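Have a go at each task before you read its solution.

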Amino acid sequence: MNEGLHRDGPDWDTLARAWRELGLGELEIMEPSSGLLEIRVSGRAPSAVSRGTVRELLRGILSDLAARPVGIAEAPEDDPSHASSRYLVGSPRLLARIGPDYESGVDARMLIAGVSS
């Protein structure tokens, strides 16, 4: 689940377990680039909480873990049942640059390739 994440960083397995125990679904955390996370929330019951609430929960938790504000962008829905959603998390400055493209459906790895070139 957490391949590529820094070992000295947050305990992603504990976070994923707590998220699941709260009934918010399954977290899959990937790191497409250093300092950037892509989080997929799946298996969330539609009646649990709204996508916006999930986004803000993630923003708060990850800002606390980073000890500074984080930016977050939400990918377009790719699950008609609303049980799955994806979020890109990074510095507010970076997300201001690449967030709109991510929100329009551009893959995170493609965005990073464009930022570094």
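This is a predicted model: local features need pLDDT of at least 70, side-chain atom pairs count only at pLDDT 80 or more; totals for chains, interfaces and linings use all residues.

Residues are numbered from 1 along each chain as its sequence is written, and side-chain values use heavy atoms, leaving out hydrogens and water.

**Exercise 1.** Work out how α1 and α2 are oriented to each other.

*Solution.* Start with the angle: α1 (residues 12-21) and α2 (residues 51-66) pack at about 150°. Angles over 145 degrees count as roughly antiparallel, so α1 and α2 are roughly antiparallel to each other. Next, find the residues that make the contact (heavy atoms within 4.5 Å): W12, L15 and W19 of α1 meet V54, L57, L58, I61, L62 and L65 of α2.

**Exercise 2.** Decide whether A67 is buried or exposed.

*Solution.* First locate A67: the residue lies in the loop between α2 and β3 (71-74). Then apply the cut-offs: buried means under 20% relative accessible area, exposed over 50%, and partly exposed in between (1.4 Å probe, protein chains only). A67 has 69% relative accessibility, so A67 counts as exposed.

**Exercise 3.** Classify R86 in the same way, then find which side chain R86 joins in a polar contact.

*Solution.* R86 sits in strand β4 (residues 85-90). Its relative accessibility is 17%, so R86 counts as buried. The side chains of R86 and E38 are joined by a polar contact of 3.4 Å.

Notes: Axes are lines fitted to C-alpha atoms, for helices over the stretch in contact, and angles run from 0 to 180 degrees between N-to-C directions. Helices (H or I, at least four residues) and strands (E, at least two) are DSSP runs, numbered from the N terminus. Angles under 35 degrees count as roughly parallel, over 145 as roughly antiparallel, 65 to 115 as roughly perpendicular and the rest as oblique. A polar contact is a pair of N or O atoms within 3.5 Å; within protein, one must be able to donate a hydrogen and the other to accept it, and residues adjacent in sequence count only if both atoms are side-chain atoms.
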